[in-house]
Amino acid sequence: MLDLKFIRENPEAVKRGAQLKNMTVDVDRLLELDARKRHVQSTLQELQTEQNKASKELGPLMGQLKKEQDPAKRAELEAKAEALKTRPSAIKADMIGLEELIRTLDPDIEQLLLTMPLPPDDDVPIGKSSEDNVETFKWGTPRQFDFAPKTHLELGKSLGLFDLDRGVKMAGSRSYVLTGAGAMLHQAVLRMAQDFMVFEQGFTPMAVPVLVKEAAMRGTGFFPAGREQAYRVGEVEERDEDVRYLTGTGEVGLTAFHMDEILSEAELPRMYVTVSTCFRREAGTYGKDTTGLYRIHQFDKVEQVVICRNDKEESKHWHRKMLSFSEEMLKRLGLPYRLLQCCTGDLGVKNASMIDVETWMPSRNGYGETHSASRLYDFQARRCNLRYKTADGKMHFCHTLNNTVIASPRILIPILENHQNADGSVTIPEPLRKHMGGMERIEPGK
RNA sequence: GGAGAGAUGGCCGAGCGGCUGAAGGCGUCGGUUUGCUAAACCGAUGUACGGGGUAUCCCCUGUACCACGGGUUCGAAUCCCGUUCUCUCCGCCA
């Protein structure tokens, strides 16, 4: 969420930011509603002041009246009290009207405010869509096969690693079942990533809810824009408070963890990592990546979140650092990858900058997205009402960042395809072996 | 699922419908005293929004906020209704 004051003072910057992100937002209407509300509010406040003044006089008077025995004096006091009551009584109806008006204005302002995107950072290349993303770094060389390499689908079948048909049978399209060594490999990858973040990088491991309330989705910026991407749980007739949503990323649980809190500067940065199941409806992707383990409704992801001070440089520093953790995972797994600086048009509402990591997938004869690192500044923290206090008592909104450490089973695609052998087996990358009972290769018929 | 209790500031805790943004204590910060520490004493110590200031993080002023949302009233932390959450007991399930 943007600061309303900022929008008021920089409407053009906000408009331009939205435009760069290919989004249409009605800044003018927001400002108009805001102006109207403030006008109503100040009128209301004046009336409240009057009321309060009358009350302050009435208070002691009523106290006297209670004690007073003399009928003559009582009558006098009563008359005085009645006189004092006339004005508040008279303005009461007006006040109720004004309150009503604010109540009708508020939801509209709120809704508009929630749709205002964070303007992209200056160093983000301008572009319309993912086509215009810029490759900034490349690691590793795609392997030249001296045999006809199989796709992960073929490997999965011949090695018995997953079963798509039965997955679809019970759970519908874009579903799967990991089986045998496939299931183990999946767990091994997650475990390796979590261990790395916890034991080598000092992140705090968390197990968070994946079924959350509307406030958590809105606070982390997924709602309202991404509402159609989330599974909604609850009966149609249920009241809003009973409805829950399945999260599409552990980022929600890690970031909303501190919702409505005031941290102290000394406890920043908070570094969290979670492995959680992610649910995505993948609405609007019909016909896209329909085969295999690439685009699926349910997967597991190790996600990293950092909550730091309100300092752009610090945010940028963490952004790079968190990205390096993802890169380290791919390096250890021996998977060639590249970094893409996403262009303005490819950014979501909440990002100031986003860097995707794409990993080499032989079956695509190209790179496929496996990670996404976002820098959000205080956009999420504002929505989450997540602040911190400095030593001298000043209050600020935190900055938040998030990035994939590893997501599986998608990452199994490059692992299987890149490490396959001519005999149809797959060599297990060394760091995964200790999580697979020491297994070094996955071989057919075993 | 049944019965009951509760929700007040960073924490504990008081609060007859008016002088309560809220006693008291703890904590924190500043000061005095002190060789240092401790102790003692004095003072300060919420947030949001609006308006005004010779005004980025300063001052003045107004309003709101005692779980949340309504209501009663000239006036609500205090009374009424609804919701959420927490706790205790019973039952049920794991």
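Before anything else, a term I need: two strands count as paired if DSSP finds at least two bridges between them. I also remind myself that this is a predicted model.

**Entry 1**

I started with the pair E14 and E15. Strand E14 covers residues 387-389, and three bridges join it to E15. The two strands run antiparallel. I looked for a pair of residues across from each other and found Lys 389 opposite Met 395 in E15.

Then I asked myself: in what order do the strands of this open sheet come? I read it off as E8-E14-E15, three strands with mixed pairing. At the edges I noted strand E8 (262-264) and strand E15 (395-397), each of which pairs on one side only. I also looked up the angle: neighbouring strands here are turned by 35 degrees against each other on average, ignoring direction.

**Entry 2: around the RNA**

Next I went to RNA strand B. How many residues surround it? I got 22, and the closest are Arg 8, Gln 48, Gly 59, Met 62 and Pro 88. Sorted by kind, the residues of this surface are four nonpolar, nine polar and nine charged.

Which parts of the RNA are on the other side of these contacts? Of the RNA strand B atoms within 4 Å of the protein, 71% belong to sugar or phosphate, and the rest belong to bases.

- Arg 8 has a side-chain N or O atom 2.9 Å from a phosphate oxygen of RNA strand B.
- Gln 45 puts a polar side-chain atom 3.1 Å from a base nitrogen of RNA strand B.
- Arg 387 has a polar side-chain atom 3.2 Å from a sugar or linking oxygen of RNA strand B.

The elements giving two or more residues to this surface are helix H1 (4-9), helix H3 (27-67) and helix H4 (71-115). H3 has the largest share, with eleven residues.

**Entry 3: salt bridges**

I searched the whole structure and got 27 salt bridges. One I wrote down is Lys 15 with Asp 28, where the closest N and O atoms are 3.0 Å apart. Lys 15 is in helix H2 (residues 11-20) and Asp 28 is in helix H3, so this pair ties together parts 13 residues apart in sequence.

**Entry 4: domains**

Last stop: how is chain A divided up? The domain assignment gives domain 1 (26-115) and domain 2 (130-442). Taken over C-alpha atoms, the centres of domain 1 and domain 2 are separated by 52 Å.

Conventions
Residues numbered from 1 in each chain as written. Chains lettered and ligands numbered in written order. Predicted model: local features only at pLDDT ≥ 70, side-chain atom pairs only at ≥ 80, totals over all residues. Heavy atoms only, no water. Helix = DSSP H or I, 4+ residues; strand = E, 2+ residues; numbered from the N terminus. Axes fitted to C-alpha atoms, helices over the stretch in contact; angles between N-to-C directions. Near = heavy atom within 4 Å. Polar contact = N/O pair within 3.5 Å; in protein donor to acceptor, adjacent residues only side chain to side chain. Nonpolar A, V, L, I, M, F, W, Y, C, P; charged D, E, K, R; others polar. Domains from an automatic or database assignment. Salt bridge = Lys/Arg side-chain N within 4 Å of Asp/Glu carboxyl O.
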